[in-house]
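Me: I am new to this structure and would like to go through it by question and answer. Please show it first.

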Amino acid sequence: MITNNRKTTDNLIDIENGEWRESLDYVLQTQGEERVRQLLRLLQVRAQEQGVSIPFTANTPYINTIPKNQQPVFPGNREIERRIKSIVRWNAMAMVVRANREKSGIGGHISTFASVATLWEIGFNHFWRGRTDEFLGDMIYFQGHAAPGVYARAFLEGRFSEQDLERFRSELDPEGGLSSYPHPFLMKEFWEFPTVSMGLTALTAIYQARFNHYLVDRGLRKSSGRKVWAMLGDGEMDEPESLGAITLASRENLHNLIFVINCNLQRLDGPVRGNGKIIQELEAAFRGAGWNVIKVIWGDDWDSLLERDNTGLLVKRMDEVLDGEMQHFTLKSGAYVREHFFGKYPELLNRVENYIDDQLGSLTRGGHDPDKVYAAFKAAVEHTGSPTVIMAQTIKGYGLGEAGEGKNITHSQKKLNEDELKEFRTRFNIPISDSEIADAPFYRPSDDSPEMQYLKERRAALGGSIPKRFGGSQPMACQTDELFREYFTGSGERELATTMAYVHMLAKLLRDPELGKLIVPIVPDEARTFGMESLFRQAGIYSHVGQLYEPIDKGSLLYYNERKTGAILEEGLSEAGSMASFIAAGTAYSNNSVQTIPFYTFYSMFGFQRVGDLIWQACDSRARGFLIGATAGRTTLAGEGLQHQDGHSHVLAMTPTKIKAYDPAFAYEMAVIVHDGLTRMYCHQEDLIYYLTVTNETYLMPPMPKGSGVREGIIKGMYKFRPARIKGRKAKAHLLGSGAILNEAIRAQEILETDFGVAADVWSVTSYKELYQDAVECERWNLLNPKKRAKKPYLSRLLAKEKGVFVAASDYMKVLPASVSQWFPGPLHCLGTDGFGRSDGREQLRDFFEVDARYIVIAALKQLEATGEVPSGTVAKAIVDLNIDAGKLNPHID
Ligand SMILES: Cc1ncc(C[n+]2csc(CCOP(=O)(O)OP(=O)(O)O)c2C)c(N)n1
Ligand SMILES: [Mg+2]
């Protein structure tokens, strides 16, 4: 009886469900989509009014966003495109296999491109436009470790020879090789965007798309409809940077941006979400953030099953199947799919009773179906008002069969044995005979073959081959130092910090009729800290929509002024986003044919150590521009303590070779350096990045000392700032200071001369990195050219005639001066700020880190005592006289 009652209830529910569904179908057919949305919204509101809470879900069912009946007709020749794709697949695989035969362990990836080939081929044949005289081209960020697929296509297009492919990952071959991943630094005419540090692609692509709008809004480029495509991996989306800026993309209505996430459900070690569904998780995140989401999950052969799914049971099964289970459905037989996928519900099992096992075993994924992918790409390029993300389900290692298709080991598979090569060849129908197969030869059809004709015709129609990196835009005329002269004369009676001088200089450059329009000031919510708010009004804060509200401080001179033509990229609290903007602006000379000049000003602590990988990427991108680490110096930034006081960014700046790092003390030094940067980067077109630290300690800015070597010394890293005032003494010390600590060296000079009768020269060291690089260059040259006259490092030449002892003090770690100690003519004592910062005053900090004038004095006396130039006991006495606590905390360990 109970069973019968339940059955009746179930029946009624089924009937009711059917009626609601039919009503919806009817409304859709008669009144369209918008009316359906209205009604659903109405019901949702009504339910809420009655206290029925509807659980939030940003997910749509686990089916394709574009149903079969809305798919456009595929405009290409499916058969020829499949042939081309198969050949690209073969060559991409063969180049990795052969590279690893040649050099075991050289690496490379087969399975990623195998999964993404259809997505890319649809892009290459139908969507991705190259650069022409009229159009700058679309910007495609290729998933980095699928690079063999791009090389293989370039080979078919005749851009690379067989020998080139043989030299994949043999870059040091005398003929040059193909780099492992996309590196503009290594292949500057080919790759445009370095993409292989996971997470940075999504971030940089978003800011690139925004920067393209910025250029148009500032009047530097015409709107052209170019798109930014980021081809991403599903595992890669776990990097915080991947999702970290997606709300910016929707907020800024970046409909010029398209993400394509290759959802092969696997990463390196195993499934991305074995216990869940990565596509659904990402869908919720992107929809929540306001993106247009297009899911391409199932291939064509599922359509008829879905069309007959009147009860929604198939969709329910699709919704519940886990990604970890999907791997089984790839690897195992059709019988397994029948039993475990459809077999969960008897009704579903019935629906496939007319299917043979082979059909069920080969039910395709959306990302391998050209029609579905084409439909998604077309919808994405036509979409307006928001960015689009396409999530395409694919199979990792597609086509590798036993060698790794869908297996957890597939990411690292680099070798195929003869049988596996044969299987691959047969599956993709590549005309290579059994007798040749063992060599995994490359294959290119003849030029007059239908495949080659088609491929060339398609690329010609889309503006030529991609990727292609362009060298640059018109060099800027070399600047005289006219703009900078006012800084050479000193600040008179006015105390200034180098940050203030820098902001003054930036404001001046922004006002310059030639330079001003090219300068891109970037700042992450720290402009007021650096005293940059005067630029708000002068240059404006960029906002695509202008300012829709009246700013609260409108009445003030320095009000928060947002405008469409604003120059300042105020990125909010995102150092990573700011760096991404820096890269976009710093590569505009190549990627946008306009030579913009970024000045990215940030809290120096949150530069190299926070976004070091992006700085590395900027160098690989061949970006040019100025990085300004403000409120720098472990002891100069008082009060802020351990997490803010930077005493090591100059050490980190040693790592990327293309960074020129300076720690200027005075406004004139900064002026000389900025002038040099403008000249070398924008007039001589050198791919460099200038890093300058500036501080907030105010003091009098002296005029530039006279003498021919000063300017050269500033650029090369060191010059004599103030010679000893007492002459003819035996005891001689050289005090080297940098940044604000130069003032301590000047005070130490005074003490040494007045209290100890020791003559002391003061030197300003603007860049230990420059000194170091020059010296190691000379050493290297001397090593390799034993018969030629030895070169002398700048540092050795500068100090050749100097006698005495040397003390170097800076606000950075001791390793910085220690890196050049071997080129000093006498003993060098390094003082520096190793250790964690403290919140306290400048004076206390300099005592704590042992970098103030007193420590410079005792370090000099110590060495002079050792050489007998001051009487023994001098240091001990000085420690007492100068009130130094020898038992104090040790900054290195405490
Ligand atoms: C920051 C970073 N960490 C680690 C790696 C090494 N790595 C390269 S590819 C990869 C897995 C990528 O998986 P997924 O994004 O899903 O790409 P798929 O190969 O599956 O398409 C890893 C861990 C890297 N390149 N960058
Ligand atoms: Mg993956």
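Predicted model: local features only at pLDDT ≥ 70, side-chain atom pairs only at ≥ 80, totals over all residues.

Reply: Residues are numbered from 1 along each chain as its sequence is written, chains are lettered from A and ligands numbered from 1 in the order in which they are written, and side-chain values use heavy atoms, with hydrogens and water left out.

Me: How many helices and strands are there in the chain?
Reply: Helices (H or I, at least four residues) and strands (E, at least two) are DSSP runs, numbered from the N terminus. By that count the chain has 35 helices and 20 strands.

Me: What share of the residues of the chain count as buried?
Reply: Buried means under 20% relative accessible area, exposed over 50%, and partly exposed in between, with a 1.4 Å probe and protein chains only. The chain has 894 residues, and the buried share is 58%.

Me: Which residues come nearest to ligand 1?
Reply: A residue is near a molecule if one of its heavy atoms lies within 4 Å of it. There are 18 residues around ligand 1, and those that come nearest are Thr112, Gln143, His145, Gly235 and Lys396.

Me: Where does a backbone N or O atom lie 2.8 Å from an oxygen atom of ligand 1?
Reply: A polar contact is a pair of N or O atoms within 3.5 Å. In the side chain of Thr112, an N or O atom is 2.6 Å from an oxygen atom of ligand 1. A polar backbone atom of Gly235 is 2.8 Å from an oxygen atom of this ligand. The backbone atom asked about, also at 2.8 Å, belongs to Glu236.

Me: Which residues coordinate the magnesium ion (ligand 2)?
Reply: Donors are N, O and S atoms within 2.8 Å of the metal (3.2 Å for Na, K and Ca), and water is not among the atoms, so sites may look incomplete. In sequence the donor residues are spaced D-x29-N-x1-Q. At 2.0 to 2.2 Å, the ion is coordinated by Asp234 (OD), Asn264 (OD1) and Gln266 (O).

Me: Why does the pair Asp234 and Gln266 tie together parts of the chain, and how many residues apart are they in sequence?
Reply: Asp234 lies in the loop between β2 (228–233) and α8 (240–244). Gln266 lies in the loop between β3 (257–263) and α10 (278–288), so the pair joins parts whose separation in sequence is 32 residues.

Me: Is Asp234 buried or exposed?
Reply: Gln266 has 3% relative accessibility and counts as buried. Asp234 has 2% relative accessibility, so Asp234 counts as buried.

Technical notes
Polar contact = N/O pair within 3.5 Å; in protein donor to acceptor, adjacent residues only side chain to side chain.
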